[in-house]
Amino acid sequence: MSAEASVGGHAADSAQSAVSQPAFHNTDEFSNRGLLGSKYVKLNVGGSLHYTTVQTLSKEDSLLRSICDGGTEVSIDSEGWVVLDRCGRHFGLVLNFLRDGSVPLPEDHKELDEVLKEAQYYRVQGLVQHCLSAMQKQKDVFETVCRIPMITSAKEEQKMIATCRKPVVKLQNNRGNNKYSYTSNSDDNLLKNIELFDKLVLRFNGRVLFVKDVLGDEICCWSFYGEGRKIAEVCCTSIVYATEKKQTKVEFPEARIFEETLNILIYENGRGSGPGGLHLLDSRGSASSLGAEEEGATGGERRVRRIHVRRHIMHDERGPGQQTVYKD
């Protein structure tokens, strides 16, 4: 056999081997080479079918561009659909973002988080930033909303106060607890306490957690908490002994309530645990006010300042023709 015949035979064998070579390549590699010359792409994302172009998928340096360029292996079924093992619920939104550069995002926080996860998986950084910006706007709007939790149980109250990092002011307001009849100005003073509560909520929103309690026995009582413990209490009710029956008197110690609200700000952002912070309120001369009491404690425990209205009208101590005697 001549040399030319040998060379020719070897070339023929090589050509035949090259033709049959793709049959031995894995499906993914063959599929990737098939995408390089394609203009349109059919995508099957978790059963959700999408038809788009290579140009759209290649707009950002993402996983989708890598699939089109052959840098990432994919599987193509017998009908030519590129199969992606992801949930296809939000994939249409990803495609619309690549087409238009912007897309309306869902307002629901859970759905928005799902879109963010898909954008991060496909490495579409523009959509990732779009989602993060929308989440930040939702957070800003959410924080500016003035919310007042309502206590429904003692267990809920304890958990709320123990886990809250902000100072807590609670107004216990139970107008339905009418054990005795009210004095003539008690209803007005009760409304004034509620109005003051609303004003303080608006003024210190974001700095102090204000809560309402309508389940307790107290008709009108303010409680102030810092670092999970009660710091002070202002009780606005007292009993008036009238000639025929007892009456409930509701006071409106506005200055005292406002002062305790300012005092509780020392526990904002954990500042109460700083050097001298915890002793600052304890060293104040709150006991010098009439009606102020401090709950005793042993073993170095901190005391709770309890301010109660202690004025009682004693009609039985009046003499003939004498005016009402007030006892403090």
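Buried means under 20% relative accessible area, exposed means over 50%, and partly exposed lies in between (1.4 Å probe, protein chains only). Strand 9 is mostly covered, with 7 of its 7 residues buried. Strands here are DSSP runs of E with at least two residues, helices are DSSP runs of H or I with at least four, and both are numbered from the N terminus.

This is a predicted model, in which local features need pLDDT of at least 70, side-chain atom pairs count only at pLDDT 80 or more, and totals for chains, interfaces and linings use all residues. Residues are numbered from 1 along each chain as its sequence is written, and side-chain values use heavy atoms, with hydrogens and water left out.

Strand 9 has partners. Two strands pair if DSSP finds at least two bridges between them. Strand 6 (residues 168-173) and strand 9 pair in the antiparallel sense over 6 bridges. Across that pairing, L171 has W222 as its bridge partner. Strand 10 (residues 229-235) also runs antiparallel to strand 9, again joined by 6 bridges. Strands of a sheet pair through backbone hydrogen bonds, either parallel or antiparallel. The hairpin of strand 9 and strand 10 has 2 residues between the strands, and E227 takes a positive phi near 55 degrees in it.

Now look at N173 in strand 6. Is N173 buried or exposed? Its relative accessibility is 16%, so N173 counts as buried. Leaving out residues up to four places away in sequence, N173 touches L190, I194, D213, V214 and I219. Such a contact means heavy atoms within 4.5 Å.

L190 and I194 lead us to helix 9, where both are among the buried residues. Helix 9 (residues 186-203) has 18 residues, which at 1.5 Å a residue should span 26 Å; its end C-alpha atoms are 26 Å apart, which agrees. The expected span is 1.5 Å times one less than the number of residues. The buried residues of helix 9 are S186, N189, L190, N193, I194, L196, F197, L200 and V201. Seen down the axis, they fall within an arc of 155 degrees, so they line one face of helix 9. That arc is taken from the directions between the helix axis and the C-beta atoms. An α-helix has 3.6 residues a turn, so residues three or four places apart point the same way. On the other side of helix 9, K199, L202 and R203 are exposed.

Helix 6 (residues 109-122) can be read in a similar manner. Its 14 residues should span 20 Å at 1.5 Å a residue, and its end C-alpha atoms are 20 Å apart, which agrees. Its buried residues are L112, V115, L116, E118, A119 and Y122. They cover an arc of only 165 degrees around the axis, which puts them on the same side of helix 6. What caps the N-terminal end of helix 6? D108 does, with a side-chain oxygen 3.1 Å from the backbone nitrogen of K110. R123 follows helix 6 and has a positive phi, near 60 degrees.

C131 belongs to helix 7 (residues 125-144). C131 is buried, with a relative accessible area of 0%. Apart from neighbours within four places in sequence, C131 is in contact with L105, L112, V115 and L116.

Elsewhere, an open sheet of 4 strands has the order 2-1-4-3, with mixed pairing. Strand 2 (48-53) and strand 3 (75-76) stand at the edges with a single partner strand each, so one side of each is left without a neighbour in the sheet. Strand 1 and strand 2 pair in the antiparallel sense over 6 bridges, and N44 stands opposite L49. Strand 3 and strand 4 (residues 82-84) run antiparallel, joined by 2 bridges.

Step back to the whole chain. It holds 11 helices and 16 strands. Of its 328 residues, 37% count as buried.

Methods
A polar contact is a pair of N or O atoms within 3.5 Å; within protein, one must be able to donate a hydrogen and the other to accept it, and residues adjacent in sequence count only if both atoms are side-chain atoms.
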